[in-house]
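Here's a quick tour of a few local spots in one protein model. Have the viewer open and follow along.

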Amino acid sequence: MLGPVEFKSVSPVFVGRAAELTVLRDALTRAAAGDPQALVIGGEAGVGKTRLVEEFLGEACRRQSVVAVGGCVEIGADGLPYAPFSTALRELRRHLPDEMAEAIEGQEGELARLLPELGDTTRQAHHEDSTARLFELTVRLLERITADRTVVLILEDLHWADASTRHLLSYLFRTLSRGRLVLVATYRADDIHRRHPLRPLLAELDRLRTVRRVELARFTRGEVHRQLTGILAAEPAPSLSEEIFTRSDGNAFFVEELAVCSGSCAVSGISDSLRDLLLVRVEALPEDAQRVVRFVAEGGSTVEYPLLAAVTRLAEDDLIEALRAAVGANILIATPDGDGYRFRHSLVREAVSDDLLPGERSRINRRCAETLEADPTLVRPDARTTRLAGYWYYAHDAAKALPAVLLASAEARQRHAYSEQLRLLERAMEVWDTAPSGVREALRPMDYADAYPACGCEPETALRYLDLLAEAAVAARFCGERERALKITKKGLRIIESGADDPLRAAWFWTERAKLVQTLARGDGWTEIATAQELVRGLPPSAVHAQVLATAAGWGMLHEPGPDSLAAGERAVDYARLVKAEDIELNARLTLGSLMVDSGDVEDGLATMYAIRQRTAELGLVSENCRAHTNLASNLESVGRSSEAVVVATEGAEVTRRYGLRDQEAWVVANLGESLFALGRWDDVIVCVEQVLRAALSAKPRGNATLRLAELALARGETDTAIRHLEAAKEHFGTHDPMPQHSIPLARCALGVAAAHGRIDNARAELVRAVETGFPPGTQRYAWPLLLAAATYEANTRGLPSAEPGRDEAVALIRSTAKRLATPVPLWHAYALHVAAELERAAGQDRPDSWAEAATALEPLERPYELAKTRLHWAGALLGRGSDREKAAGLLRLCHATADRLGARPLREETELLAQRARISLTDAPAPSGPASAADTGAAPADDGFGLTSRERDVLSLVAAGRTNRQIAEELFISPKTASVHVSNILAKLGVTGRGEAAAIAHRLHLFTGAVREAEAASPAG
């Protein structure tokens, strides 16, 4: 429309940036080969980022790439959430209509949050994971579009990006792994102050090897000279070149501005300040052009031509001439689609906006608002609400701004742009008191809020300030601003306490606080939940009441499983059904299913959970469906159905990854790792742990993962590694929110570490602490393994003098605790039999029948490690009684094969030593014939498997009897120093760190039994 401009201040020659352009070209080449590329270009304002990108885009077009550009809207201009992505995807849709339609098919409802023209989003549910689901769908869309064509996606001015855009960009950088895509983002480095919201993203990108950073420096003196030559189309005088280089300091944009000034009389009169430099060409424009430029500065980052024509009230010919002057002076440029105008450089826009008088700014915004209200077709439909909200807000008209800002916040929520929703709600709260009461009374929660059904307000009543707080609290939690959400709930409760009685609202706010204090490690949340329960007690059924009961039941399931929590779950289901809140009902029924399993109603509980999994999938409730997979897998593992649990957890992991729910993925994969450990797939466990540590956003899944590593290291004899992982697990779980599912396994692992080091008192103390804490109904799955570890340790240390004090009390505690634990499922029954057999061994009554019964119970349960341990002790009991040697040999061979496959070094060594003592071959070859084995005589084997000399075996027998170095020296007629050397050698050969561990090995493997008993009989203490 405007034709060619009269003067170009931009150099037609591309100056410098050879290295940076090479990096971009290389990225284009790699992307064309199927390796997606991500780059971030930073530099101060005016340094030449846009020109570099333009040059790169020219290269991309020459290579037949599809190019799409989207720019972030300046924060102060109230831009749309996801603005650059929406613009870029809209451009892709224009270039590739059929391909985009095919890639979007079936997901129009969700992707309409990025491209509103795809459909209506007002009726879709909102959840904490809704944003992650949208992000994952965006990744899949880009991967499909770039499967067989190269696409270059440019996102400009990242320093203005809204929070939703930053989060989506971060997700793309982390998860894009295939496709022919080049993703480039630019930002203004000099705007990134210490607290700028982009700084954390840039720090994260620095840690990603897949993202390359390109930082643009200012031009050198020679590059400025070449730039001036291009602009002036002639060699500049050396003095002019030097003056402009000095005054611009190498900034490309300032060079252009100074070059323009050098050809006018204004050059000698301009100020040295930046603002005067930027405004000098604006002030040289005709009055109408200056007026247009001022309207564009306040109208938004881009202003549509129809809106500009309406608000300037210029005749069309006058407006075109004004625009021609502004474009000809390189102040404004037309947008690529030809629909509007924006500043060529944002620095000029900022200078023009700052130069406006306060009253002038308000007048321009008011005129824009009135014009847009009168004719909504002047801007794109998806931009109308947000633009209008911004205009009225900056016009300082509270009566108009309040409903407009609330409507914009509702639209932001529909797009899962919860950060922008929160900012707009805070703006609404800011103008609430200054808005006329009539305006406030005309507002309805159902029009502007999503939290109103759950927080207890009626949809047809007038919107209250508390409704804004409730909506803001949810938005803050959804966008990760949990500290802000906590402050909002505090404010809401203060208002309720100081005003009219409103128990439902108060209960809702207390329930929100419960979630937040748990997430922020401020407590376990029970005080808040209990307060909410008291508030709703005796009130008619409501969604709030159902949610409070469901939250209490969920808390009880994790902290205090038992009859009370089961009853709370049943009440929550009844209330949710009564008020027809199906999402609350499904969550409550899932909790109830877990509690039913814990109480012994296993089949009905599991059937309930399977039904919930199916129903949540049918309704598209992704968060609830992921929770169903996680809890179902956990409960299947609890009752010993590990293979079934692996199937469910694997499906759950696929769902969470499909929707990009990283924390949910961490939970379900952690459960998968637990089942794989039980099944003996220990190498796969390590893979699961790595996935959890990559995906987890919260601490508890990390605690589960590191605890699994500790258990694995302990079983493989890597005690120091186990200690390190155990401490990490304790740190992840923390002390603010203790749960039996964490504390009992931690105690079991700590007991195992203490046992491996021969620390008798420490091991028993772990048991005592756990038992004193209590094993409520539903904790059998954790309590039985702990009792088994304690009973095994008491059996292994039988005959060790240092272990005798306190043994009777420990054994009695294990036995009495075991009697109180239920055994309604085969796994728990097998554990009970295993514990009983270990207690018999600890009492010196090792009966083969008891071990046979325990092993038979474990055989169908697919727990190879536990089964191998029972077979080892079964074989030991048979050999100790001199019966069925062939059966013992078969058991040892099975045990050795399992230990070897798992890499369970302690179990393998125990098996090998017992077989050696009994002169049993661990291969299929027959056992060697000859005199009676050491198992029959109680003497030490001729070869103990550790390379101990005869004298060292004598010393070890006395160490096992509890002798000091001086006592050993006296009995063997050697010096104490020599005895000390022998002990050191023994510890090294056994691979242990102390005398207690050495003695424990000797007793556990029945070495030197006769010698030890003799020594104990001769000892005064004996």
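## A threonine in a loop

Leaving out neighbours up to four places off in sequence, as "within four places" is counted here, Thr335 is in contact with Thr302, Gly340 and Tyr341. Keep in mind that this is a predicted model. Thr335 itself sits in the loop that links β7 (332–334) to β8 (340–343).

Is Thr335 buried or exposed? Its relative accessibility is 10%, so it counts as buried, the cut-off for that being under 20%. The side chain of Thr335 also reaches the backbone nitrogen of Asp339, at 3.4 Å.

## Helix α13

Let's check the length of helix α13, which covers residues 287–299. It has 13 residues, and at 1.5 Å a residue it should span 18 Å.

Which residues of α13 are buried? They are Ala289, Gln290, Val292, Val293, Phe295, Val296, Ala297, Glu298 and Gly299.

Over in helix α19 (residues 398–414) you'll find Leu402. With a relative accessibility of 0%, Leu402 counts as buried.

What does Leu402 touch, if you skip residues up to four places away in sequence? The list is Ala428, Val431, Trp432, Ala435, Arg440 and Leu443. As for Leu424, it is 22 residues from Leu402 along the chain, and their C-alpha atoms are separated by 9.8 Å.

## Cavities

How many cavities of 30 Å³ or more does the model have? The count comes to five. Take the second largest cavity, which holds about 40 Å³ of space.

The lining of that second largest cavity is made up of Ala103, Gln107, Leu111, Leu137, Arg140, Leu141 and Arg144. Helix α6 (residues 130–145) gives the most to this lining, with four residues.

## Cysteines

The disulfide count is zero, with a pair of cysteine sulfur atoms needing to be within 2.5 Å to qualify.

Cys368 has a relative accessible area of 1%, so it is buried. Cys895 is buried as well, with a relative accessible area of 0%.

Definitions and conventions. Residues are numbered from 1 along each chain as its sequence is written. This is a predicted model: local features need pLDDT of at least 70, side-chain atom pairs count only at pLDDT 80 or more; totals for chains, interfaces and linings use all residues. Side-chain values use heavy atoms; hydrogens and water are left out. Buried means under 20% relative accessible area, exposed over 50%, partly exposed in between (1.4 Å probe, protein chains only). Helices (H or I, at least four residues) and strands (E, at least two) are DSSP runs, numbered from the N terminus. A polar contact is a pair of N or O atoms within 3.5 Å; within protein, one must be able to donate a hydrogen and the other to accept it, and residues adjacent in sequence count only if both atoms are side-chain atoms. Contact means heavy atoms within 4.5 Å. The expected span of a helix is 1.5 Å times one less than its number of residues. On a 1 Å grid over the protein atoms alone, a cavity is a set of points where a 1.4 Å probe fits but cannot get out, and a pocket is an open set with protein on both sides within 12 Å along at least five of seven lines; lining residues have an atom within 4 Å of a point. Grid points are joined across faces, edges and corners, and a volume is the space filled by probe spheres set on the points.
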